[in-house]
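Here's a quick briefing to read alongside the model. Have the viewer open and follow the topics one by one.

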Amino acid sequence: MSAESAAALPWPPRKPRRRRAPAWSELPVESVRRYLEPGPVVLVGSAWRGRCDLMTMGWHTVMEFTPSLLGCVISRANHSHGLVRRSRECTINIPDARWVDEVVGVGNCLGAELDKFERFGFTAEPASQVAAPLVRECFVQIECRVADTRLVNRYDFFVLEVLRARVDTSVRRPQTLHYQGDGEFMLSGRTISRRALFQPHML
C-alpha cells in the first residue's frame, strides 16, 4: 500500500493508552496452539461404504475465497481419517456452546467402536452434495469434497473445497467453542464493529 493510499484511509484520532509492564514467562513450544487456535470447534461427519463417523476437530483454517477452500488436520489415529481419505468428502458442522459436553464426548471415543450420533444424542441428516452426514443440532452445516491430498501423507492435512453451506438464521449471536488445550475452552464473546475503517473491497 502506498503512503498516499494509506493516508486516504479513514482513521480515528489515536487515544492515549495506558501501558502496563509485561510479565514475560517462557512458553513451551508445543503450547503455542493454546493462543493460535484458528476458529471454533467443529464436528466432522464422514461416511464410506456403510460406515459413518463423527469427530471433534479444532485444527482448521480458511485458505481461499473462490473457490472456497478450507484446510484441516485429521489425524490418522482417528477413525474419520480413513473414511474421509477414501470417500474424498466430509461435512463440517459448527455447534454452539450448549453442546460442549457432547462435543468432548465425541472427541474422547473411537468411532470404529460405537455410533457417536446415537451415543451423544446428535441427529444425522442427509446432505445434498456429499454422502457424509450433516449434524442437525449444529447451526452451521458445510458440505465439502477433498480437493487436494498432497499434504495428507506427511502432515495429515486435508484441503477441502466447500460445495454447499447453510446457516440457521434463527440462532442469534451463537456462542462458539474455542479449544485452548488442557481441557479448557474459550467461548466467543461480544462483537465490535470497525466497518467504517475498512475499504469496501477489504470487507
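Start with the largest pocket: 23 residues line it, and Thr-56, Met-57, Gly-58, Gly-107 and Tyr-179 are the ones nearest its centre. Two elements, strand S2 (51–57) and helix H4 (100–107), each give two or more residues to that lining. Keep in mind that this is a predicted model.

**More on the largest pocket**

- The space in the largest pocket comes to about 530 Å³.
- H4 is the top contributor to the lining of the largest pocket, giving four residues.
- Sorted by class, the lining of the largest pocket holds 13 nonpolar, seven polar and three charged residues.
- As for how H4 sits, the helix lies across strand S1 (42–48) and S2, and runs at about 115° to S2.

**The second largest pocket**

- This one has a volume of about 290 Å³.
- Its lining takes in 17 residues, with His-60, Thr-61, Val-62, Leu-70 and Ile-142 nearest the centre of the second largest pocket.
- Strands S3 (60–64), S4 (69–73), S5 (89–94) and S9 (157–167) are the elements that give two or more residues to the lining of the second largest pocket.
- In the lining of the second largest pocket, twelve residues are nonpolar and five are polar, with no charged ones.

**The sheet**

- Seven strands make up an open sheet, and reading across you get S2-S1-S5-S8-S9-S4-S3, with antiparallel pairing.
- The edges belong to S2 and S3, each of which pairs on one side only.
- From one strand to the next, the twist averages 35°.
- Zoom in on S4 and S9 and you'll find an antiparallel pair joined by five bridges.
- Look for Gly-71 as well, which stands opposite Val-159 in S9.

**The S10–S11 hairpin**

- Strand S10 (residues 177–181) and strand S11 (residues 184–187) run antiparallel, and four bridges join them.
- Together S10 and S11 form a hairpin that leaves two residues between the strands.
- Check the turn for Asp-182, where phi is positive, at about 55°.
- Gly-181 has Glu-184, in S11, as its bridge partner.
- Tyr-179 falls within the residue range of S10 (177–181), and Tyr-179 is also one of the residues nearest the centre of the largest pocket.

**A closer look at Leu-163**

- Leu-163 has its place in strand S9.
- Is Leu-163 buried or partly exposed? Its relative accessibility is 36%, so Leu-163 counts as partly exposed, given that buried means under 20% and exposed means over 50%.
- Leaving out residues up to four places away in sequence, Leu-163 touches Gln-129, Val-130, Glu-143, Cys-144 and Arg-145.
- For a sense of distance, Leu-163 and Leu-36 sit 127 residues apart in sequence, and their C-alpha atoms are 27 Å apart in space.

**The chain as a whole**

- Six helices and eleven strands account for the secondary structure of the chain.
- The C-alpha trace spans about 60 × 40 × 40 Å along its principal axes.
- Of the 203 residues in the chain, 37% are buried.
- What share of contacts between residues at least 6 apart in sequence join residues at least 24 apart? The figure for the chain is 60%.

Notes: Residues numbered from 1 in each chain as written. Predicted model: local features only at pLDDT ≥ 70, side-chain atom pairs only at ≥ 80, totals over all residues. Heavy atoms only, no water. 1 Å grid on protein atoms, 1.4 Å probe; cavity = no way out; pocket = protein on both sides within 12 Å on 5 of 7 lines; lining within 4 Å. Points joined across faces, edges and corners; volume = space filled by probe spheres on them. Nonpolar A, V, L, I, M, F, W, Y, C, P; charged D, E, K, R; others polar. Pairing = 2+ DSSP bridges. Axes fitted to C-alpha atoms, helices over the stretch in contact; angles between N-to-C directions. Contact = heavy atoms within 4.5 Å. Buried < 20%, exposed > 50% of the residue type's maximum accessible area, 1.4 Å probe, protein only.
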